[in-house]
Amino acid sequence: MPVTFHLKRQPTVPLEAEVISPDTLCGLSNAEIRSLIVYHGKRQLPLGEFFDVEGERSDDIVVHGALNKVRWIGRAMSKGTVTVHGPVGMHLGAYMTGGRIEVHGHASDWIGAEMKNGFIQVHGNAGGQVGAAYRGSLAGMRNGTIIIDGSAGLEVGMRMRRGTIVIGGPARDFTGLQMKGGTIVLLSGAEIRAGAWMNRGTIISMKALQLMPTFAYSTEGTPTFLMLFARFMERFGVRIPYAASEGTYRAYAGDTSVSDKGEILIWQPCT
């Protein structure tokens, strides 16, 4: 039986609720869970002040409510599941090393920031800095998979080293900013400055992109790795075309202002 939370009191300021994590709750009784401390602004209050709690001693968590101001859910989790029904606030799954998070609603900024492993899927839109590095940090996500069904904000995958990010809707400016590795898939394209200052990594776009002049045309075809990558993504319900009968990919190398090791692949469907 999962531990189930129902929001009963709407926070008036951001609620820092990093205790809502399988690693924290898996060994606690219901009373111990309700007595965990959360930060409502500068005030320290028991978790039970904001949530009705059902269940105990489980690494499966279900959260219901308008959680726009509830931050850090699933922070640094290494196991279990977190399922959110409703919109959720900033830093969801930041620093996570394992487990699964699923959101049935929209999510805010810094989803999966600096995560090392695990899986996050948002069945809605996301804010900026998905899988990104925090300000002053040298590396964003290092592994794992993030899937956003809807659109996303600025700086998706900023400084990411490894892992996969899939954005179903359009992404805003600076997608892949300073990428150092990993793969970003844009099913609906992105706004300007995609791949700015990227050193390594791959951005795959199913729609045309307005590339910066520091990206140089390389070749056209279907890279060998793409077939394997497409098959890997099928398990998550994401289809990436690779058959020659469907089209090819136009490859660009860059950002040549810093490196020519990064690549942007833009799908060219057969007409």
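This is a predicted model: local features need pLDDT of at least 70, side-chain atom pairs count only at pLDDT 80 or more; totals for chains, interfaces and linings use all residues.
## Overall build

The protein chain contains three helices and 17 strands. Its radius of gyration is 20 Å, close to the 18 Å that the globule rule gives for 271 residues, so the chain is as compact as a globular protein of that length. Along the principal axes, the C-alpha atoms fill a box of roughly 60 × 35 × 25 Å.

Of the 271 residues, 54% count as buried. Among contacts with a separation of 6 or more, 42% are made by residues 24 or more positions apart. The accessible surface of the chain is about 11300 Å², and carbon and sulfur atoms account for 50% of that area.

## Charges and salt bridges

The chain carries 27 positive and 23 negative side chains. The centres of these two sets lie 5 Å apart. Side chains of opposite charge can pair when their charged atoms come close.

Glu49 is partly exposed, at a relative accessible area of 38%. Arg9 is also partly exposed, with a value of 30%.

Glu155 forms a salt bridge with Arg135, and here the closest N and O atoms are 3.0 Å apart. Glu155 lies in the loop between strand E11 (145-148) and strand E12 (164-167), and Arg135 in the loop between strand E10 (119-122) and E11, so the pair ties together parts that are 20 residues apart in sequence. Glu155 counts as buried because its relative accessibility is 13%, under the 20% cut-off. Arg135 counts as exposed, at 55% relative accessibility. A salt bridge also joins the side chains of Glu246 and Arg239, with an N to O distance of 2.5 Å. Glu246 is partly exposed at 26% relative accessibility, whereas Arg239 is exposed at 54%.

Ser21 lies in the loop between E2 and helix H1 (22-25). Its relative accessible area is 1%, so Ser21 is buried. Leaving aside neighbours within four places in sequence, Ser21 is in contact with Ile61, Gly74, Arg75 and Met77.

Thr145 is in strand E11. With a relative accessibility of 7%, Thr145 counts as buried. Beyond its neighbours within four places in sequence, Thr145 is in contact with Met115, Gly118, Phe119, Ile120, Thr164, Phe232 and Phe236.

Ser78 is located in the loop between strand E7 (70-71) and strand E8 (81-85). This residue is partly exposed, having a relative accessible area of 36%. Not counting residues up to four places away in sequence, Ser78 touches Asp23, Thr97, Gly98 and Gly99. Ser78 and Gly93 are 15 residues apart in sequence, and their C-alpha atoms are 10.0 Å apart in space.

Gly140 lies in the loop between E10 and E11. Its relative accessible area is 0%, so Gly140 is buried. When residues up to four places away in sequence are not counted, Gly140 touches Glu114, Gly131, Ala132, Ala133, Met158, Arg159 and Met160. From Gly140 to His104 the C-alpha to C-alpha distance is 25 Å, and the two are 36 residues apart in sequence.

Notes:
Residues are numbered from 1 along each chain as its sequence is written. Side-chain values use heavy atoms; hydrogens and water are left out. Helices (H or I, at least four residues) and strands (E, at least two) are DSSP runs, numbered from the N terminus. The radius of gyration is taken over C-alpha atoms; the globule rule is 2.2 Å times the number of residues to the power 0.38. Buried means under 20% relative accessible area, exposed over 50%, partly exposed in between (1.4 Å probe, protein chains only). Contact means heavy atoms within 4.5 Å. Accessible areas come from the Shrake-Rupley method with a 1.4 Å probe; for residues, only the protein chains shown count as cover. Lys and Arg count as positive and Asp and Glu as negative; His and the chain ends are not counted. The place of a charge is taken as NZ of Lys, CZ of Arg, CG of Asp or CD of Glu. A salt bridge is a side-chain nitrogen of Lys or Arg within 4 Å of a carboxyl oxygen of Asp or Glu.
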